[in-house]
Amino acid sequence: MAQWDRLTQLPDAYKQQLDELYNRDALPMDVRHYLSAWIEKQEWQRAAGDHDFAMALFQVLLENLDIQHSRFVQEEAFLLQHNIRRRKQDFQIYLDDPCSLANTILWFLEKEKDILKSADLAEQVQLLHVAEEAMETSNQLDIERKIAGLRNAVECMERTMSCLEEQQDEFDFKYQTYKMEAVVDEAAQRKQMNVFQQLINSLDECRKSTLLELNKLLDRTDVLIGILVKKELVEWQRRQQKACIGAPDNVCLDQLEKWFTFVALCLFRVREFLDKLEELVGKVSYENDPVKSQKPKMQKRADTLLKHLLRSSFVVETQPSMPQGKGPLVLRTNVQFAVKTRLLVKFPELNHSMKVNVCMDREAPQLKGYRRFNVFGTKSKALNMAESQSGGMVADFRHLTLKEQKCGGGGKGINDISLSVTEELHIIYFDTLFEMKGLSIELQASSIPVVIISNSSQQQSACASVLWFNLLSVDTKDVMFFANSPSATWPQFGEMLSWQFLSATKRGLNEAQLEMIAQRLFGKQKTYDTCKVTWSKFSKENTPDTFWVWFDGILVMVKTYLEDLWRDGLIMGFVSKSKEKHLLKKKQRGTFLLRFSESVIGGITFSWVEIDMNGEPEVKTVQPFNKVDLSQIPFQEIIRNFQILEAENIPESPLLYLYPNTPKDEAFGKYYSAQKGSDNLYLQYIKTRLMFVSKEKPPEARSPMSSGMEQCEALELIHGLGGEAAEPSGGSPSMLSLREAGDPEPMLSDSLAASDDQAPTFQSPFYFVDPTIFPDDPVLHDFNLTGFNCLSPQSCGSIFQ
């Protein structure tokens with residue numbers, strides 16, 4: 001296809017670039033258009049450097065303009081004749097310098113190629129989009145085409161109505177004139193009546209045609225409303241549900257608002273057309289007038305479509321959420337929450353005139369013990385265009401609270417089904433009245449079901465309920481969902497887990513990480529696609545340490561303390577101990593990886609590969625660090641300073657390469673603290689740098705607690721000065737215990753350690769082994785990190801304050 005033909009078939013955005021390119025006199029667009037085939041065949045590159053060749057092309061160009069002028073003369077296109085004659089005169093400036101003309105045309109051709117390249121690149125990018133995005137774009141284009149068709153139909157109807165009114169005025173004028181003249185001659189009367197009959201017949205045909213076109217207009221509107229309400233709005237509501245549980249879905253309402261508003265305006269215009277028809281019938285009517293018989297049904301249909309559209313246009317744009325909550329749809333009694341409603345038909349004349357009122361549990365289920373709540377705060381607000389960034393009609397409630405109604409032992413019901421507090425689902429309703437141009441409609445919107453708690457200890461369980469409901473339910477009115485909750489397929493469930501990390505840290509879970517989680521849930525399988533997760537398996541089994549408690553503990557830890565490391569892909573995280581051993585044993589000495597603990601809630605550990613006396617690789621692991629530890633020492637500083645005592649008690653770091661082979665300092669260097677010694681914020685009371693030193697426990701010194709772990713070795717974490725292990729003097733030393741269960745304070749003095757019921761039992765001042773850590777894998781070596789500080793207990797206790 002010729003270059004110019006391709007350019008004229010590009011989308012409007014690129015045609016606009018073409019128009020801007022030719023918005024100059026150097027090469028007029030009409031010359032480029034009419035001589036396009038000839039221009040593209042010439043050697044302009046050669047002509048730019050060859051005067052004689054350029055002059056020859058210049059003369060041929062003028063001849064072609066003469067030929068084109070002759071065609072316009074034959075076609076009697078006077079304006080085009082004038083334009084082409086003027087173009088020929090303008091080109092005379094190149095008579096002395098035809099090479100300049102060649103350069104000019106060459107420049108324009110190159111710029112055209114740039115526009116084509118941009119269009120081709122955009123098309124290629126579009127083809128690379130996922131099928132869902134391509135389908136969404138296709139749907140939007142289809143709606144835009146229907147919108148354009150409806151707009152054109154309305155404009156045609158306006159012209160039709162104008163013609164109908166003119167035709168009726170002509171008849172009315174002639175008829176009124178005839179009556180005033182009082183013609184006596186019967187022949188003249190008959191002749192005149194025949195004329196009036198023809199006018200009436202023509203008027204009748206015009207009215208029938210107008211009514212037919214109006215019906216077609218309503219048909220177009222009906223189809224478009226069906227697409228907007230039953231498809232686009234439903235899909236937006238589903239996207240909003242998924243966005244509430246972390247999915248990266250687009251929930252912007254601006255496009256829907258544009259479509260809804262346009263269709264509503266068209267329907268109001270149809271009502272005006274029908275009113276105009278009634279007005280015309282009031283002036284001129286006749287027997288079997290089609291307007292009288294068809295107009296009432298069309299009026300009813302138009303009003304029904306408009307009411308359906310308006311009722312669907314009132315939505316909850318931002319679901320209820322507490323400012324300090326972990327996410328939307330979990331509310332706590334007596335704690336303020338916010339919610340925003342929006343009307344998708346934007347009429348500026350309604351700004352501040354529509355009041356939105358809030359109420360609670362209008363259709364509460366009849367369950368024994370089901371709680372009822374009252375809404376307090378500013379429960380009525382006006383829809384206004386000032387509180388929306390896009391200028392939409394919104395009512396933004398920011399200071400609402402809930403209080404439980406006092407009704408004895410809970411709500412009285414006729415159903416014996418019992419739901420826990422965090423399985424109770426409640427709906428918040430919003431009401432308003434739409435009044436415009438004689439139309440009055442009550443509108444109602446409702447929130448996605450919320451979970452209401454009274455104590456922060458219920459927050460985690462409530463979040464699990466919100467996740468499960470919005471993952472599996474498409475019925476946002478189903479408050480009895482947990483009476484018979486469905487199961488989730490693994491692909492659904494795994495995607496939802498990835499959303500949690502994606503929304504919290506901007507990095508989701510990869511296939512390997514999801515496979516480890518699937519293996520934890522279902523055991524080793526060839527494929528997990530057919531596996532299903534029940535509500536009980538997700539949030540109830542193994543209470544209190546359910547799957548969700550374990551997963552959420554990791555999520556909170558990563559979000560709070562490890563977000564940057566996780567986002568940079570430095571934490572492998574979800575990897576089983578067997579997979580960890582398989583990966584590390586293939587690597588060089590000092591290769592390590594970071595993974596989340598399978599037994600400690602919110603714990604992270606690291607393992608590395610050593611080479612034993614026989615030259616065989618050996619994997620060693622430390623006890624997990626929990627949130628108490630990480631709140632006081634950044635994890636990258638632990639990795640930076642971790643050392644073990646090798647031969648002759650020389651401390652050495654076993655962590656050299658982050659898996660697969662990245663040098664440790666290259667991977668973590670940008671996160672290291674710049675301060676050292678007394679300048680370090682974490683060590684402000686210690687005169688030298690904190691060094692993590694671990695010491696292997698000799699086999700003969702193992703405690704009875706480690707009798708079941710013959711191949712495991714215990715390491716201790718010693719806070720020393722100058723890198724040397726400090727020995728205790730006298731009584732028990734101060735110890736830092738990084739344990740499986742979180743201590744209330746990781747740096748313990750003698751008295752604190754003795755009074756902690758959760759503290760492990762030490763067989764010596766330096767060593768202890770917890771047999772519950774990784775008991776199922778005797779090959780991995782567990783290291784118990786205890787701490788000793790040679791400073792006084794008072795100094796030690798103040799380090800992390």
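Contact here means heavy atoms within 4.5 Å, and with that in hand I looked up Phe-635, which touches Leu-562, Leu-565, Leu-594, Ile-604, Phe-606, Phe-625 and Leu-630, leaving aside residues up to four places away in sequence.

I noted that this is a predicted model, in which local features need pLDDT of at least 70 and side-chain atom pairs count only at pLDDT 80 or more, while totals for chains, interfaces and linings use all residues. Residues are numbered from 1 along each chain as its sequence is written, and side-chain values use heavy atoms, with hydrogens and water left out.

**Confidence.** I checked the pLDDT, the predictor's confidence in each residue from 0 to 100, and found a mean of 79 for the protein chain, with 80% of its residues at 70 or more.

**Cores.** I then looked for nonpolar cores, which are sets of buried Ala, Val, Leu, Ile, Met, Phe, Trp, Tyr and Cys residues joined through side-chain atoms within 4.5 Å; buried means under 20% relative accessible area, exposed over 50%, and partly exposed in between (1.4 Å probe, protein chains only). The largest has 167 residues, of which Phe-434, Phe-493, Phe-538, Phe-606 and Phe-635 touch the most other members. Helix α10 (residues 186-244) gives the most to this core, with 17 residues. A second, separate core of 38 residues includes Trp-4, Leu-35, Ala-102 and Leu-109.

**Sheet.** I traced an open sheet of four strands in the order β6-β4-β8-β9, paired antiparallel, where two strands pair if DSSP finds at least two bridges between them. Its edge strands are β6 (380-382) and β9 (439-446), each pairing on one side only. Strands β4 (residues 355-360) and β8 (residues 428-436) are joined by four bridges in the antiparallel sense, and I found Ile-428 in β8 as the bridge partner of Met-360.

**Cysteines.** Does the structure hold zero disulfides or some? I found zero disulfides, a disulfide being a pair of cysteine sulfur atoms within 2.5 Å. The sulfur of Cys-206 is 7.0 Å from the closest cysteine sulfur, in Cys-163, and is therefore too far for a bond. Cys-163 counts as partly exposed because its relative accessibility is 46%, whereas Cys-206, at 16%, counts as buried.

Conventions: Helix = DSSP H or I, 4+ residues; strand = E, 2+ residues; numbered from the N terminus.
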